[in-house]
Amino acid sequence: MNNIYLRIILFLVIYLFFLVLPWWLNILILIFLTIYFKYYFEVVFFGSLFDIIYFGGEYSYYGFIVSLVFLGVVSLFRPYFRS
Amino acid sequence: MNYHLKSKKNNNNPKKIFIVFVVVIFIFIIYQLTFSFFRSLSHRASVPVWIFSDYISNSLASIGNIFESKENLIVENEVLKEEIKKLKLEQIEYGVLIKENQELKSLFGRSNLKDKIITRIVSKPPRSPYDTLIIDAGRRDGVKNDSLVYISNNIVVGKVSDVLETTSVVTLFSTGGYKQEALLERTGAVFELIGKGNANFSIELPKDTDVIWGDLLLYPSVNSSIIGNIYYIDSSSQSAFKAVFIRAPGNVFESKWLFVETNE
């Protein structure tokens with residue numbers, strides 16, 4: 001239960017960071033959180049948010065696809081780098 | 001004899017992952033269909049945060065001024081006053097030339113005066129990973145897709161790439177990989193600039209092409225708007241080409257305001 005509260009608070013904090021901090025710093029934070037938490041699906045939300053807020057065209061898939069693939073790769077390799 | 005009991009593999013995990021991915025893809029399809037709605041919503045929610053964070057960072061930046069010595073400030077003030085006087089004179093001359101230029105164009109039936117509105121930059125790199133800017137003017141203010149965006153009267157920096165009701169997304173010409181035609185002011189030759197990010201461009205030209213340091217590159221239209229000037233030419237390589245590097249004048253990333261054309 002504590003973990004859920006932590007993730008909700010982190011979600012709000014990361015959302016604020018997302019609007020204020022440089023994009024590369026946000027990506028580093030998201031990479032860390034994706035590795036730290038099991039199935040950190042919020043990363044897909046934030047990846048999509050990069051496209052929604054900042055992309056210059058009508059729509060883009062980059063943020064969504066990259067975050068989804070990264071989450072998948074981390075989930076597959078999790079048993080090897082976390083006990 | 002003792003044998004280790006093999007732990008039973010949890011076969012539910014791949015199934016769970018598959019279901020979750022299907023759900024995520026479903027959400028993605030929904031989000032693609034409602035992309036502009038979400039964009040509009042997130043921009044509306046983000047603009048106050050961006051303005052507030054800019055206010056805070058500007059306030060924090062000015063704290064350092066407290067420790068500036070009084071003598072230095074007086075000297076700096078005098079220098080700036082002199083510079084203002086000089087710039088005011090230049091502005092008057094410039095205004096006369098602009099007027100004369102427009103009159104000449106209208107005599108030839110090519111009056112191309114476009115209305116511009118001033119807009120505030122609410123978000124700019126390094127926040128954006130795509131080298132885009134977000135401005136606080138949108139459809140409501142007469143901004144259209146592909147409207148040119150200026151940093152000053154005659155320096156063009158990019159184009160509006162998406163317009164919402166109250167905000168717009170501006171793609172800079174210097175965005176990585178963005179291709180933009182430009183006219184060399186001195187010779188009239190047309191080149192295709194390739195954006196390199198951070199207000200820089202490059203072009204690869206045959207070694208005998210007539211370009212020199214400081215040459216101006218203009219946006220191809222009746223109004224001569226500057227895109228950038230050549231600051232370095234690398235012709236040292238053995239190949240038949242030389243790399244030409246161009247930088248946009250003025251620093252759009254330090255600017256707070258931009259001008260956007262509102263009529264076609």
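How many residues lie between S4(B) and S5(B) in the hairpin that they form? In this predicted model, the two strands are separated by 4 residues. Strand S4 of chain B covers residues 155–163, and its pairing with S5(B) is antiparallel, with 5 bridges. Within this pairing, B:Val163 is placed opposite B:Ser168 of S5(B).

Strand S2 of chain B (residues 132–135) runs antiparallel to S5(B), and 4 bridges link the two. Here B:Thr132 faces B:Thr171 of S5(B). S5(B) is mostly covered, with 5 of its 5 residues buried. In a regular strand, side chains alternate between the two faces of the sheet. In S5(B), B:Ser168, B:Val170 and B:Leu172 point one way, while B:Val169 and B:Thr171 point the other way. The residues of both sets are buried.

A further group of paired strands in chain B involves S6(B). Strand S6 (residues 179–184) and strand S7 (residues 190–197) of chain B are antiparallel and are joined by 5 bridges. The hairpin made by S6(B) and S7(B) has 5 residues between the strands, and B:Gly188 in this hairpin has a positive phi near 85°. S6(B) pairs as well with strand S9 of chain B (residues 216–219), again in the antiparallel sense, over 2 bridges.

The domain assignment divides chain B into domain 1 (14–58), domain 2 (69–113) and domain 3 (179–247). The centres of domain 1 and domain 3 of chain B, taken over C-alpha atoms, are 38 Å apart.

Helix H3 of chain B spans residues 70–107 and contains 38 residues. From its first C-alpha to its last, H3(B) reaches 55 Å, close to the expected 56 Å at 1.5 Å a residue. This helix is hardly covered, and the count of buried residues among its 38 residues is 0. After H3(B) comes B:Gly109, with a positive phi near 70°.

In chain A, helix H4 (residues 62–81) has 20 residues. The distance from the first C-alpha of H4(A) to the last is 27 Å, close to the 28 Å expected at 1.5 Å a residue. The buried residues of H4(A) are A:Gly63, A:Phe64, A:Ser67, A:Leu68, A:Leu71 and A:Val74.

The two chains also touch one another. On the side of chain A, 19 residues are in contact with 24 residues of chain B. Helix H1 (2–20), helix H3 (42–54) and H4 of chain A are the elements that each give two or more residues to the side of chain A touching chain B. H3(A) supplies the largest share of that side, with 7 residues. Sorted by class, the side of chain A that touches chain B has 14 nonpolar, 4 polar and 1 charged residues.

Methods. Residues are numbered from 1 along each chain as its sequence is written. Chains are lettered from A and ligands numbered from 1 in the order in which they are written. This is a predicted model: local features need pLDDT of at least 70, side-chain atom pairs count only at pLDDT 80 or more; totals for chains, interfaces and linings use all residues. The expected span of a helix is 1.5 Å times one less than its number of residues. A residue is buried if 20 or more other C-beta atoms lie within 10 Å of its own, exposed if 12 or fewer, and partly exposed in between; C-beta atoms are placed from the backbone. Domain bounds come from an automatic or database domain assignment. Two residues are in contact if their C-beta atoms, placed from the backbone, lie within 7 Å. Ala, Val, Leu, Ile, Met, Phe, Trp, Tyr, Cys and Pro count as nonpolar, Asp, Glu, Lys and Arg as charged, and the others, Gly among them, as polar. Two strands pair if DSSP finds at least two bridges between them.
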